[in-house]
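Welcome! Here is a friendly briefing to read side by side with the sequence and the 3D view. Take your time and look up each residue as it comes along.

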Amino acid sequence: MGLHPSMASHCGGWFGKVTTATSEGALKQETAGTSLRPKAVKAWCGLRGEIAVEDELWHLVRVGGVSLPHPPLVNLMIRRGLAADDRLHFSYLHEFGHLQTLPLTGIHVLLLVWLSWRGTRPAGIKLLAGLLAHEAVWELASEGYAVLHAGRRYRRAYLSGPNRWQGLFWLGMSLLAAIGIWLVGSRRSPG
Ligand SMILES: [Zn+2]
(Lines give C-alpha, C1' and ligand atoms only; values in the text may rest on other atoms or scores of the structure.)
Protein backbone atom coordinates (compact mmCIF):
# COMPACT_ATOMS: atom_id res chain seq x y z
CA MET A 1 0.00 0.00 0.00
CA GLY A 2 1.57 3.32 -1.03
CA LEU A 3 1.09 6.44 1.04
CA HIS A 4 1.24 10.09 0.21
CA PRO A 5 4.17 11.66 2.08
CA SER A 6 1.94 14.39 3.46
CA MET A 7 -0.23 11.85 5.26
CA ALA A 8 -0.57 12.99 8.83
CA SER A 9 -0.25 10.73 11.82
CA HIS A 10 -1.74 11.20 15.25
CA CYS A 11 -2.21 9.84 18.72
CA GLY A 12 -5.73 10.10 20.01
CA GLY A 13 -6.83 12.13 16.99
CA TRP A 14 -5.15 15.37 18.05
CA PHE A 15 -2.78 15.99 15.19
CA GLY A 16 -4.61 15.14 12.02
CA LYS A 17 -6.50 12.64 10.01
CA VAL A 18 -5.28 9.29 8.80
CA THR A 19 -7.04 7.78 5.88
CA THR A 20 -5.76 4.22 6.00
CA ALA A 21 -4.29 1.78 8.44
CA THR A 22 -3.38 -1.87 8.24
CA SER A 23 -4.50 -4.54 10.63
CA GLU A 24 -1.89 -6.81 12.18
CA GLY A 25 -3.10 -9.62 9.91
CA ALA A 26 -2.53 -7.58 6.80
CA LEU A 27 0.84 -6.51 8.18
CA LYS A 28 1.88 -10.13 8.57
CA GLN A 29 0.78 -10.98 5.08
CA GLU A 30 2.60 -8.08 3.48
CA THR A 31 5.83 -8.63 5.40
CA ALA A 32 6.06 -12.10 3.91
CA GLY A 33 7.29 -10.47 0.70
CA THR A 34 10.88 -9.45 0.04
CA SER A 35 10.29 -5.76 -0.59
CA LEU A 36 7.96 -3.39 1.22
CA ARG A 37 6.55 0.04 0.55
CA PRO A 38 5.80 2.65 3.23
CA LYS A 39 2.48 1.89 4.77
CA ALA A 40 0.32 3.11 7.57
CA VAL A 41 0.36 1.32 10.88
CA LYS A 42 -1.48 1.89 14.12
CA ALA A 43 -0.06 1.11 17.55
CA TRP A 44 -2.21 -0.12 20.44
CA CYS A 45 -2.32 3.37 21.98
CA GLY A 46 -3.83 4.78 18.80
CA LEU A 47 -0.49 6.19 17.61
CA ARG A 48 -0.35 6.08 13.83
CA GLY A 49 2.65 6.29 11.58
CA GLU A 50 4.37 4.94 8.51
CA ILE A 51 6.97 2.21 8.25
CA ALA A 52 9.04 1.03 5.32
CA VAL A 53 11.75 -1.61 5.20
CA GLU A 54 13.00 -1.85 1.63
CA ASP A 55 16.16 -3.82 2.31
CA GLU A 56 18.63 -4.36 5.11
CA LEU A 57 20.25 -0.98 4.44
CA TRP A 58 17.23 1.26 4.52
CA HIS A 59 14.18 1.63 6.66
CA LEU A 60 11.91 4.38 7.81
CA VAL A 61 9.68 5.07 10.78
CA ARG A 62 7.66 8.25 10.57
CA VAL A 63 5.23 9.61 13.13
CA GLY A 64 3.29 12.80 12.48
CA GLY A 65 5.30 13.34 9.29
CA VAL A 66 8.52 13.36 11.35
CA SER A 67 11.08 10.60 10.86
CA LEU A 68 12.22 9.10 14.14
CA PRO A 69 16.00 9.32 14.41
CA HIS A 70 17.01 5.73 14.25
CA PRO A 71 20.23 4.31 12.82
CA PRO A 72 19.81 1.07 10.82
CA LEU A 73 22.73 -0.46 12.73
CA VAL A 74 20.57 -2.79 14.82
CA ASN A 75 18.79 -4.35 11.88
CA LEU A 76 22.06 -4.50 9.94
CA MET A 77 23.97 -6.28 12.67
CA ILE A 78 21.52 -8.73 14.10
CA ARG A 79 19.89 -9.82 10.83
CA ARG A 80 23.15 -10.97 9.26
CA GLY A 81 23.06 -14.55 8.04
CA LEU A 82 19.25 -14.78 8.01
CA ALA A 83 17.14 -15.58 4.95
CA ALA A 84 16.01 -12.45 3.08
CA ASP A 85 12.33 -12.78 3.98
CA ASP A 86 13.14 -13.35 7.66
CA ARG A 87 15.45 -10.32 7.64
CA LEU A 88 12.73 -8.08 6.26
CA HIS A 89 10.00 -9.52 8.44
CA PHE A 90 11.93 -9.18 11.71
CA SER A 91 13.23 -5.73 10.76
CA TYR A 92 9.68 -4.65 10.04
CA LEU A 93 8.45 -5.99 13.37
CA HIS A 94 11.35 -4.21 15.09
CA GLU A 95 10.35 -0.90 13.50
CA PHE A 96 6.70 -1.42 14.39
CA GLY A 97 7.94 -2.30 17.89
CA HIS A 98 9.33 1.24 18.14
CA LEU A 99 5.79 2.56 17.75
CA GLN A 100 4.19 -0.08 19.95
CA THR A 101 6.60 0.59 22.81
CA LEU A 102 6.68 4.39 22.52
CA PRO A 103 4.37 4.95 25.53
CA LEU A 104 6.50 2.60 27.63
CA THR A 105 9.65 4.49 26.74
CA GLY A 106 7.82 7.66 27.81
CA ILE A 107 7.62 6.12 31.30
CA HIS A 108 11.36 5.46 31.07
CA VAL A 109 11.96 9.14 30.27
CA LEU A 110 9.96 10.14 33.38
CA LEU A 111 12.09 7.74 35.44
CA LEU A 112 15.27 9.31 34.02
CA VAL A 113 14.01 12.82 34.81
CA TRP A 114 13.22 11.80 38.39
CA LEU A 115 16.62 10.12 38.77
CA SER A 116 18.45 13.14 37.38
CA TRP A 117 17.02 15.27 40.20
CA ARG A 118 18.78 13.19 42.78
CA GLY A 119 21.91 12.53 40.68
CA THR A 120 24.84 14.86 41.36
CA ARG A 121 26.93 14.40 38.22
CA PRO A 122 27.42 17.31 35.77
CA ALA A 123 24.32 18.09 33.69
CA GLY A 124 26.12 17.30 30.39
CA ILE A 125 27.05 13.81 31.58
CA LYS A 126 23.54 13.15 32.87
CA LEU A 127 22.04 14.30 29.56
CA LEU A 128 24.37 12.18 27.41
CA ALA A 129 24.02 9.13 29.66
CA GLY A 130 20.24 9.56 29.72
CA LEU A 131 19.99 9.78 25.93
CA LEU A 132 22.13 6.66 25.44
CA ALA A 133 20.21 4.73 28.10
CA HIS A 134 16.93 5.77 26.56
CA GLU A 135 18.01 4.68 23.06
CA ALA A 136 19.23 1.34 24.46
CA VAL A 137 15.98 0.70 26.35
CA TRP A 138 13.93 1.52 23.27
CA GLU A 139 16.03 -0.83 21.09
CA LEU A 140 15.62 -3.64 23.64
CA ALA A 141 11.87 -3.05 23.88
CA SER A 142 11.44 -2.97 20.09
CA GLU A 143 13.44 -6.14 19.49
CA GLY A 144 11.56 -7.74 22.41
CA TYR A 145 8.36 -6.92 20.55
CA ALA A 146 9.77 -8.58 17.39
CA VAL A 147 10.72 -11.69 19.40
CA LEU A 148 7.27 -11.97 20.98
CA HIS A 149 5.41 -11.28 17.78
CA ALA A 150 7.44 -13.56 15.48
CA GLY A 151 7.54 -16.33 18.11
CA ARG A 152 8.67 -19.69 16.76
CA ARG A 153 9.70 -18.22 13.41
CA TYR A 154 12.20 -15.99 15.22
CA ARG A 155 13.70 -18.86 17.22
CA ARG A 156 13.86 -21.12 14.15
CA ALA A 157 15.58 -18.45 12.06
CA TYR A 158 18.27 -17.73 14.64
CA LEU A 159 18.85 -21.41 15.34
CA SER A 160 19.40 -22.19 11.66
CA GLY A 161 21.39 -19.01 10.96
CA PRO A 162 23.46 -18.29 14.07
CA ASN A 163 24.41 -14.65 14.42
CA ARG A 164 27.05 -13.67 16.95
CA TRP A 165 25.88 -10.06 16.89
CA GLN A 166 22.56 -11.01 18.41
CA GLY A 167 24.06 -11.94 21.78
CA LEU A 168 26.21 -8.82 21.66
CA PHE A 169 23.13 -6.72 20.96
CA TRP A 170 21.25 -7.94 24.05
CA LEU A 171 24.32 -7.75 26.27
CA GLY A 172 25.60 -4.43 24.92
CA MET A 173 22.23 -2.66 25.02
CA SER A 174 21.47 -3.99 28.51
CA LEU A 175 24.84 -2.74 29.76
CA LEU A 176 24.38 0.62 28.04
CA ALA A 177 20.93 1.00 29.61
CA ALA A 178 22.12 -0.02 33.10
CA ILE A 179 25.27 2.14 33.09
CA GLY A 180 23.39 5.11 31.61
CA ILE A 181 20.64 4.91 34.24
CA TRP A 182 23.25 4.58 36.98
CA LEU A 183 25.19 7.63 35.72
CA VAL A 184 22.02 9.73 35.60
CA GLY A 185 20.91 8.92 39.14
CA SER A 186 24.12 8.27 41.07
CA ARG A 187 25.67 10.64 43.58
CA ARG A 188 29.35 11.36 43.56
CA SER A 189 30.85 10.85 46.98
CA PRO A 190 31.82 14.23 48.49
CA GLY A 191 35.49 15.16 48.25
ZN1 LIG B 1 15.55 0.03 16.50
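Arg-153 counts as partly exposed, because 14 C-beta neighbours lie inside 10 Å, and a residue with 20 or more would be buried while one with 12 or fewer would be exposed. You can find Arg-153 in helix H6, which covers residues 152-160. Please keep in mind that this is a predicted model.

**More about Arg-153**

- Arg-153 and Asp-86 are 67 residues apart in sequence.
- In space, the C-alpha atoms of Arg-153 and Asp-86 are 8.3 Å apart.

**The chain as a whole**

- The protein chain has seven helices and four strands.
- Of the 191 residues in the protein chain, 30% are buried.
- Take the contacts in the protein chain with a separation of 6 or more: 66% of them are between residues 24 or more positions apart.

**Helix H5 on its own**

- How far apart are the end C-alpha atoms of H5? They are 40 Å apart, which agrees with the 40 Å that the 28 residues of H5 should span at 1.5 Å a residue.

**H5 with H3**

- Helix H3 (residues 84-100) packs with helix H5 (residues 123-150) at an angle of about 125°, and their axes are 7 Å apart.
- That angle makes H3 oblique to H5.
- The crossing of H3 and H5 is right-handed.
- On the H3 side of the contact are His-89, Phe-90, Leu-93, His-94, Gly-97, His-98 and Gln-100. They meet Trp-138, Ala-141, Ser-142, Glu-143, Tyr-145, Ala-146, His-149 and Ala-150 in H5.
- Sorted by class, the residues of the contact of H3 with H5 are seven nonpolar, seven polar and one charged.

**H5 with H4**

- Helix H4 (residues 102-118) and H5 cross at roughly 155°, and their axes come within 10 Å.
- That makes H4 roughly antiparallel to H5.
- The crossing of H4 and H5 is right-handed.
- From H4, the residues Leu-104, Thr-105, His-108, Val-109, Leu-112 and Ser-116 take part in the contact. Their partners in H5 are Lys-126, Gly-130, Ala-133, His-134, Val-137, Trp-138 and Ala-141.
- The contact of H4 with H5 has seven nonpolar, five polar and one charged residues.

**H5 with H7**

- H5 packs with helix H7 (residues 164-185) at an angle of about 145°, with the two axes 8 Å apart.
- H5 passes H7 in a left-handed crossing.
- Residues of H5 that meet H7 include Ile-125, Ala-129, Leu-132, Ala-136 and Leu-140. Among the H7 residues in this contact are Met-173, Leu-176, Ala-177, Ile-181 and Val-184.
- The residues of the contact of H5 with H7 divide into 13 nonpolar, three polar and two charged.

- Is Ile-125 buried or exposed? Ile-125 is exposed, because 12 other C-beta atoms lie within 10 Å.
- Ile-125 and Val-184 are 59 residues apart in sequence, yet their C-alpha atoms are 7.6 Å apart in space.
- Tyr-145 also lies in helix H5, and Tyr-145 is buried, with 20 other C-beta atoms within 10 Å.
- Leaving aside neighbours within four places in sequence, Tyr-145 is in contact with Leu-93, Gly-97, Gln-100 and Thr-101.
- Thr-101 is 44 residues away from Tyr-145 along the chain, and the two C-alpha atoms are separated by 8.0 Å.

**A residue in a strand**

- Ile-51 has its place in strand S2, residues 48-55.
- Ile-51 is buried, because 25 other C-beta atoms lie within 10 Å.
- Which residues is Ile-51 in contact with, leaving aside its neighbours within four places in sequence? They are Pro-38, Lys-39, Val-41, Leu-60, Val-61, Tyr-92, Glu-95 and Phe-96.
- Ile-51 and Phe-96 are 45 residues apart along the chain, with their C-alpha atoms separated by 7.1 Å.

Definitions and conventions. Residues numbered from 1 in each chain as written. Predicted model: local features only at pLDDT ≥ 70, side-chain atom pairs only at ≥ 80, totals over all residues. Helix = DSSP H or I, 4+ residues; strand = E, 2+ residues; numbered from the N terminus. Contact = placed C-beta atoms within 7 Å. Axes fitted to C-alpha atoms, helices over the stretch in contact; angles between N-to-C directions. Parallel < 35°, antiparallel > 145°, perpendicular 65-115°, else oblique. Left-handed = near helix turned anticlockwise from the far one by under 90°. Nonpolar A, V, L, I, M, F, W, Y, C, P; charged D, E, K, R; others polar. Expected span 1.5 Å × (residues − 1).
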